[in-house]
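Please look over the model shown here before reading on.

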Amino acid sequence: MQIVHTTNAPQAIGPYSQGMIVNNMFYSSGQIPLTAEGELVDGTVEEQTHQVFANLKAVLDEAGSSLEKVVKATVFIKDMNNFPQINDVYGTYFSEHKPARSCVEVARLPKDVLIEIEVIALI
């Protein structure tokens with residue numbers, strides 16, 4: 001197992017890593033809309049989703065992967081009523097390549113953000 005760490009995404013705020021590589025697979029921790037400097041993007045659900053994707057791209061890049069190699073995404077959202085807006089932003093990152101996906105509404109997310117996404121990708 002190899003720990004993935006980059007300064008181009010927010011640092012872990014607990015006892016976990018940004019991601020792990022096992023064999024030829026990358027497993028990300030959930031990414032929330034924090035900047036690499038740790039500042040919360042306290043904007044619309046669309047703005048928060050774009051920041052989450054910026055973070056995912058950074059950890060994927062550090063792992064030697066990319067959005068085009070994602071095989072599974074899990075999306076956690078605070079309010080299922082925001083699904084259409086989230087789905088529109090999501091589709092700008094996964095337009096041709098469409099990984100498997102789960103999307104669930106949760107009671108609460110870290111720092112009371114509106115969205116969190118984790119991915120599994122090939123290296």
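The model is predicted, so local features are reported only at pLDDT of at least 70 and side-chain atom pairs only at pLDDT 80 or more, while totals for chains, interfaces and linings use all residues. Residues are numbered from 1 along each chain as its sequence is written, and side-chain values use heavy atoms, with hydrogens and water left out.

Helices (H or I, at least four residues) and strands (E, at least two) are DSSP runs, numbered from the N terminus. The 19 residues of helix 1 should span 27 Å at 1.5 Å a residue, and the end C-alpha atoms of helix 1 are 27 Å apart, which agrees; the expected span is 1.5 Å times one less than the number of residues. Buried residues (under 20% relative accessible area, with exposed over 50% and partly exposed in between, for a 1.4 Å probe and protein chains only) of helix 1 include Val-52, Phe-53, Leu-56 and Leu-60. The buried residues of helix 1 pack against strand 1 (2-4), strand 2, strand 3, strand 4 (70-77), helix 2 and strand 6. Just after helix 1, Gly-64 takes a positive phi of about 85°.

The structure holds four aromatic pairs. Rings of Phe, Tyr and Trp (its six-membered ring) pair if their centres lie within 6.5 Å, and planes under 30 degrees apart count as stacked, over 60 as edge-to-face and the rest as tilted. Two of the pairs involve Phe-53 as follows.

| Pair | Geometry | Centre to centre | Between the planes |
|---|---|---|---|
| Phe-53 and Tyr-90 | edge-to-face | 5.8 Å | 70° |
| Phe-53 and Tyr-93 | stacked | 4.2 Å | 0° |

Because Phe-53 lies in helix 1 (residues 45-63) and Tyr-90 in helix 2 (residues 83-93), their pair ties together parts that are 37 residues apart in sequence. The pair of Phe-53 with Tyr-93, which also lies in helix 2, ties together parts 40 residues apart. Phe-53 counts as buried at 0% relative accessibility, whereas Tyr-93, at 22%, counts as partly exposed. Ring pairs link Phe-53, Tyr-90, Tyr-93 and Phe-94 into a cluster.

Turning to the strands, strand 2 (residues 19-22) and strand 3 (residues 25-28) run antiparallel and are joined by four bridges, where pairing requires that DSSP finds at least two bridges. Gly-19 stands opposite Ser-28. The two strands form a hairpin with two residues between them, and Asn-23 in the turn has a positive phi of about 55°. Strand 3 also runs antiparallel to strand 6 (residues 115-122), through three bridges, with Met-25 opposite Leu-122.

Notes: Contact means heavy atoms within 4.5 Å.
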